[in-house]
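Visitor: I would like a quick tour of how this chain packs. Please give cut-offs as you go.

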Amino acid sequence: MMISGQGRPHIRVLHDESRHDLRDPTRPRPVRLYLWEPSHPRSAPPPLVIVSHGTGGSGSTMEWLVQPLHEAGFRVVALDHHGNNHVDGYEPEGFLHIWDRPRDVSFVLEALSQEQVLGPVGVAGFSLGGYAAAALAGPVSIRRSFGAY
């Protein structure tokens, strides 16, 4: 993904030791990040927005949401949800365990805060990524309730 005139995002993979890889339970859960640093931050540290993709999508295809945020001076991190992104492929749990999405966002936020001081933080998402953003605002997902539907 390219944001006009801004180059490519910095891509890296973090590993959440508290959860396992859906393909190999002996490894930690991978969470891929696409990070855009603002060219001309309006504050230090700049505000951060974490972007969550929809079902089967990828942070790499969220340019339509990332670009205006980046151009407005935000530091933007889009992520790939393990088992539910078209870059790595799909796993049934990646679609069924939607409660892992807000945990991915929280994990990324915690990891970034260990690296540097963060400015104001927000989260945005598309479709099921919107669920992750809303869930982080306070509602509680009860796993057993999902089985009733």
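Guide: A nonpolar core is a set of buried Ala, Val, Leu, Ile, Met, Phe, Trp, Tyr and Cys residues joined through side-chain atoms within 4.5 Å. Buried means under 20% relative accessible area, with a 1.4 Å probe and protein chains only. The model is predicted: local features need pLDDT of at least 70, side-chain atom pairs count only at pLDDT 80 or more, and totals for chains, interfaces and linings use all residues. Numbering runs from 1 along each chain as its sequence is written, and side-chain values use heavy atoms, without hydrogens and water.

Visitor: Which residues touch the most other members of the largest nonpolar core?

Guide: This core has 13 residues. Those touching the most other members are L14, V31, L33, I50, V77, L79 and V108.

Visitor: Which element gives the largest share of this core?

Guide: Elements are DSSP runs numbered from the N terminus: helices are H or I of at least four residues, strands E of at least two. Strand 2 (28–36), strand 3 (48–52), strand 4 (75–80) and helix 3 (100–115) each give two or more residues. The largest share is five residues, from helix 3.

Visitor: Which residues does V108 touch, not counting those up to four places away in sequence?

Guide: Contact means heavy atoms within 4.5 Å. On that basis, V108 touches L14, V31, L33, I50, V77 and L79.

Visitor: What percentage of the residues in the chain is buried?

Guide: The chain has 149 residues. Its elements are five helices and seven strands. The buried share is 46%.

Note on methods. Buried < 20%, exposed > 50% of the residue type's maximum accessible area, 1.4 Å probe, protein only.
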